[in-house]
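Visitor: I am new to this structure. Please show it to me and take me through it.

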Amino acid sequence: MSTGNKMIALVLFASLMLLCLPALAVEPDGAGVLVDTSTYIYAETYKGRTDITSVSLPNATYIGASAFQGCTELVSVEAPNVTGMGVSTFGGCVKLEVATMTNLTSISQAAFSACEKLSTMSFPNITSIGNSAFSGCDSLVSITFDKVTSIEYYAFQGCDNQFGECKFT
């Protein structure tokens, strides 16, 4: 694995050959804005990056586990076509304030855990919320779910700021 680039190992059994391909990671512009036009964001692709402040995923339908975990400077995410995400996708993004994912149907375990600046969110298509999905979101005061049928344990544990409004319609 080279520094700064993750590698994907692909084994071709027919010729017993090991081929390493670079993961399809896009670099942010000089202002920290990342626009990735991939349809699938692989697990840990941008994990721990401190040079990303804003993310736009116009074509993504899935974001893998820990893809943006620990991106401590990340403030906003726009992913209008994402329908699913892996565990801890945005966990530890302490400056994350806004996440726009209008087609998301399920929030995975610890997906937004420790997103300390996250305050108001609306998820019109969410049906399930995983364990610890919003644990440690100290600033969370308003959240709206239109279709939720399942909320797992500790989904809002440690949300110290009292909810002003939590709507389930």
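Guide: One term comes before the rest: buried means under 20% relative accessible area, exposed over 50%, and partly exposed in between, with a 1.4 Å probe and protein chains only. The model is predicted, so local features need pLDDT of at least 70 and side-chain atom pairs count only at pLDDT 80 or more, while totals for chains, interfaces and linings use all residues. Residues are numbered from 1 along each chain as its sequence is written, and side-chain values use heavy atoms, with hydrogens and water left out.

Visitor: How are the rings of F68 and F90 arranged as an aromatic pair?
Guide: Rings of Phe, Tyr and Trp (its six-membered ring) pair if their centres lie within 6.5 Å; planes under 30 degrees apart count as stacked, over 60 as edge-to-face and the rest as tilted. For F68 and F90 the values are 5.5 Å centre to centre and 10° between the planes, which makes the pair stacked.

Visitor: How far apart in sequence are the parts that F68 and F90 tie together?
Guide: Strands (E, at least two residues) and helices (H or I, at least four) are DSSP runs, numbered from the N terminus. F68 is in the loop between β6 (62-63) and β7 (76-78), and F90 is in the loop between β8 (84-85) and β9 (98-100). The pair therefore ties together parts that are apart by 22 residues.

Visitor: Which class does the pair of F123 and F145 belong to?
Guide: F123 and F145 are both buried. Their ring centres are 5.9 Å apart and their planes are at 10°, so the pair is stacked.

Visitor: In which strands do F123 and F145 lie?
Guide: This pair also ties together parts 22 residues apart in sequence. F123 belongs to β11 (residues 120-123), and F145 to β13 (residues 142-145).

Visitor: Which residues touch the most other members of the largest nonpolar core?
Guide: A nonpolar core is a set of buried Ala, Val, Leu, Ile, Met, Phe, Trp, Tyr and Cys residues joined through side-chain atoms within 4.5 Å. The largest one has 40 residues, and those touching the most other members are F68, F90, F112 and F134.

Visitor: What is the order of strands in the open sheet of three?
Guide: Two strands pair if DSSP finds at least two bridges between them. Two bridges join β4 to β6, and I41 has I63 as its bridge partner in β6. The pairing in the sheet is parallel, and the order is β4-β6-β8.
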